[in-house]
Amino acid sequence: MAVRSRLPLYLAVVYTLLALYASLYPFHGWRDTGGDPLAFLAAPWPRYVTHFDPAVNILAYVPLGFLWAAVFCARLPRLAAFLIACVLGAAFSLGIETAQAFLPSRVPSNLDLACNALGSLVGAAVGALWGRHLLDGGQWHAWRERRFLPGPTGDIGLVLLGLWLFTQINPETFLFGNGNLRSLLGLPAPLPFDAARFIELETATVAAQTLAIALIGARLAAHHPVWLPLALIGAALLVKSLALMLLIESLHGFAWMTPGTLGGLALGLTVAALAALLGAGARQALAAMALMLAVVLANLMPDNPYLEHTLSVWRQGHFLNFNGATRLVSSLWPFLALPWLMLSRSERR
C-alpha cells in the first residue's frame, strides 16, 4: 500500500489561505451598501477588459484546483476528485466575490468568477490525471522521501521553506528581513537612520537569518546537508533579483547587494559551516536562537531612505493584493518556523 503523504493537504491549505488574504486585502473599510451582494452575477459583461486580469485570475486558480484534486485523488476515484475540486474552486471564488461587495476597494465581477472557475477546472483536470502520481505515493513522493526528512515533520518543513522563498518576492523588505512587525502594526522605527549603524544591523540581521535558514535546510536534507542550504540561499537571491527587476525596474535588480547584506551572507554561511561540527540537537537550538535574533534585529532596523527612494518608482497596480500577501507572510514567517524548530523531533524510517 502506498504511503500517504500530508504534503498535498498542507500545500492546498496554505495556498487557499494565501489566495483568501490576497483577494480581500487590505481587510479594512467593510461596509454594507444595502444592495444585493450577489447582484454582480446578473450584471452585464464588462465593457473594457484587458488581457492581464482574466489571465491572472485563471492562472491563480490553476494551483488551487490542482492541489485539491491531488488531495481528493488519494481517497476518491479520479472523476469524483475532479468534480469536487472544480466545485470547491468555484464555490471559493463565489464566496470571495460576494465578500468583495462589502469592501470599498474591491469590485465583484462575474468575469472574475468565470475565470477563476475555469482556472480551477484546468487545475483539477491536471490534478486528477497526475496529482496522485506526483504528490502522493508516486514518483515525486518517493523522490521526496529519499531526499528529505520523511514524515509530517519534513512535509511542514518543506512548506516553510517554500513560504520563505515566497517572502523574497516582496521588494519592500531588505534581503532576508523577515519578521518585521512594524508594517503590520503601524509602528515607527525605534532608531533614527545612521549609515554606519544601519550597515552593522543589516549585517547582523542577514547573518542571523542566513544561519537559521542554512541549518533548517541542512536538517531537512536527508543526504546532502551542504548542497540544499546553498541551493536554497542561491534560489532566494535569484527570486529577490527577479522580483526587483520585474516589479520595479530592471536596473534595480541587484539593489539588495549592499555591503551589509554581502557581509551578512558571508558571516552566516561561515558560522553555518562551523556549526556542522555540532550535534543535531545543538544545531536545531542554534537555528532557533539565530531566528529569534534575526526577528529582534529586523524590528530594530531604522527605515532606510535609500530603499524608500528606490520604492518611490514602484507602482504596485495589479500587484497590490499580491504584495499584501507577501508582506504578511514575510512578517509572520519566523513565528511559524520557530514552533517547528522547537517542537519537531528527528524522524527515522
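Me: Which helix holds Leu 244?
Reply: This is a predicted model. Leu 244 lies within residues 227-247. That helix is α9.

Me: Is Leu 244 buried or exposed?
Reply: The cut-off for buried is under 20% relative accessible area. Leu 244 has 7% relative accessibility, so it counts as buried.

Me: How far apart in space are Leu 244 and Trp 256, C-alpha to C-alpha?
Reply: In sequence, Leu 244 and Trp 256 are 12 residues apart. In space, their C-alpha to C-alpha separation is 8.8 Å.

Me: Is Thr 210 buried or exposed?
Reply: Thr 210 sits in helix α8, residues 195-220. Its relative accessible area is 0%. Buried means under 20%, so Thr 210 is buried.

Me: Which residues is Thr 210 in contact with, leaving aside neighbours within four places in sequence?
Reply: Contact means heavy atoms within 4.5 Å. With those neighbours set aside, the partners of Thr 210 are Phe 176, Ile 233, Gly 264, Leu 265, Gly 268 and Leu 269.

Me: Which element gives the most to the largest nonpolar core?
Reply: This core has 46 residues, and Phe 176, Leu 265 and Trp 333 touch the most other members. Elements giving two or more residues include α1 (7-24), α10 (259-275) and α13 (320-343). The top contributor, with 10 residues, is α8.

Key:
Residues numbered from 1 in each chain as written. Predicted model: local features only at pLDDT ≥ 70, side-chain atom pairs only at ≥ 80, totals over all residues. Heavy atoms only, no water. Helix = DSSP H or I, 4+ residues; strand = E, 2+ residues; numbered from the N terminus. Buried < 20%, exposed > 50% of the residue type's maximum accessible area, 1.4 Å probe, protein only. Core = buried A, V, L, I, M, F, W, Y, C linked by side-chain atoms within 4.5 Å.
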